[in-house]
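Reader: I would like to go through this model feature by feature. Please take the general idea before the case each time.

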Amino acid sequence: MIYNKLFLALGLAGFLTFTGFHIGEQGSMPLSISFATPAGAVIGRPLTPLSYAGVARRTTRRVVTRTTTTIAVLPAGCRYGPYYGGYYYRCGGYYYAKSGNVYVQVIVQ
């Protein structure tokens with residue numbers, strides 16, 4: 001008898017949790033039940049499934065690593081631009097990121 005009440009309570013709690021049970025104050029149908037609520041995920045925001053921007057940020061975060069090598073002045077001929085999802089200075093085969101008043105060498109893997 002106790003288990004029946006427990007199962008009934010758990011079933012009712014599960015039903016109310018996983019359905020869009022809503023009691024409205026006005027309207028012709030004050031009680032409505034639906035099986036899904038609209039998702040609040042927006043494509044393009046972080047931590048959203050199918051977010052390509054989030055995938056690009058996470059991939060860039062994993063691939064680009066800052067080193068301890070710093071230089072005060074960039075060599076001649078460096079170009080600033082978008083590389084591997086971030087903006088860096090490309091000097092020959094090396095990439096640098098500005099950090100304060102120095103440039104930190106980054107490794108792109």
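Reader: How many helices and strands does the protein chain have?

Author: This is a predicted model. The protein chain has two helices and seven strands. Read from the N terminus, the order of elements is α-β-β-α-β-β-β-β-β.

Reader: What share of the residues in the protein chain is buried?

Author: Buried residues account for 21% of the 109 residues. The accessible surface of the chain is about 8900 Å², and 63% of that belongs to carbon and sulfur atoms. As for contacts between residues at least 6 apart in sequence, 33% join residues at least 24 apart.

Reader: How should I read a disulfide, and which cysteines form one here?

Author: In general, a disulfide is a covalent bond between the sulfur atoms of two cysteines. The count in this model is one disulfide. Cys-78 and Cys-91 form it, with their sulfur atoms 1.9 Å apart. Cys-78 sits in the loop between β3 (64–71) and β4 (79–83), while Cys-91 sits in strand β5 (residues 86–91), so the bond ties together parts that are 13 residues apart in sequence.

Reader: Why is the disulfide of Cys-78 and Cys-91 called right-handed?

Author: The handedness is read from the torsion about the S-S bond; for Cys-78 and Cys-91 this is about 120°, so the disulfide is right-handed.

Reader: Is Cys-91 buried or exposed?

Author: The cut-off for buried is under 20% relative accessible area. Cys-91 has 8% and is therefore buried. Cys-78, at 21% relative accessibility, counts as partly exposed.

Reader: Which residues is Val-106 in contact with, leaving aside its neighbours within four places in sequence?

Author: Val-106 lies in strand β7 and is buried, because its relative accessibility is 3%. Its contacts beyond those neighbours are Val-64, Thr-65, Arg-66, Tyr-88, Tyr-95, Tyr-96 and Ala-97. Thr-65 is 41 residues from Val-106 in sequence, yet the C-alpha to C-alpha distance is 5.4 Å.

Reader: Where does Gln-105 lie?

Author: Gln-105 also belongs to strand β7, which covers residues 102–108. At 14% relative accessibility, Gln-105 counts as buried. With neighbours within four places in sequence left aside, its contacts include Thr-67, Thr-69 and Tyr-94.

Reader: Which residues form a nonpolar patch on the surface?

Author: The patch consists of Tyr-3, Leu-6, Phe-7 and Leu-10, which together have about 480 Å² of accessible area. Leu-10 is placed in helix α1 (residues 2–18). With a relative accessible area of 54%, Leu-10 is exposed, since the cut-off for that class is over 50%.

Methods:
Residues are numbered from 1 along each chain as its sequence is written. This is a predicted model: local features need pLDDT of at least 70, side-chain atom pairs count only at pLDDT 80 or more; totals for chains, interfaces and linings use all residues. Side-chain values use heavy atoms; hydrogens and water are left out. Helices (H or I, at least four residues) and strands (E, at least two) are DSSP runs, numbered from the N terminus. Buried means under 20% relative accessible area, exposed over 50%, partly exposed in between (1.4 Å probe, protein chains only). Contact means heavy atoms within 4.5 Å. Patches are made of residues with over 30% relative accessible area and no salt bridge: like charges are joined within 9 Å, nonpolar side chains (Val, Leu, Ile, Met, Phe, Trp, Tyr) within 5 Å. Accessible areas come from the Shrake-Rupley method with a 1.4 Å probe; for residues, only the protein chains shown count as cover. A salt bridge is a side-chain nitrogen of Lys or Arg within 4 Å of a carboxyl oxygen of Asp or Glu. A disulfide is a pair of cysteine sulfur atoms within 2.5 Å.
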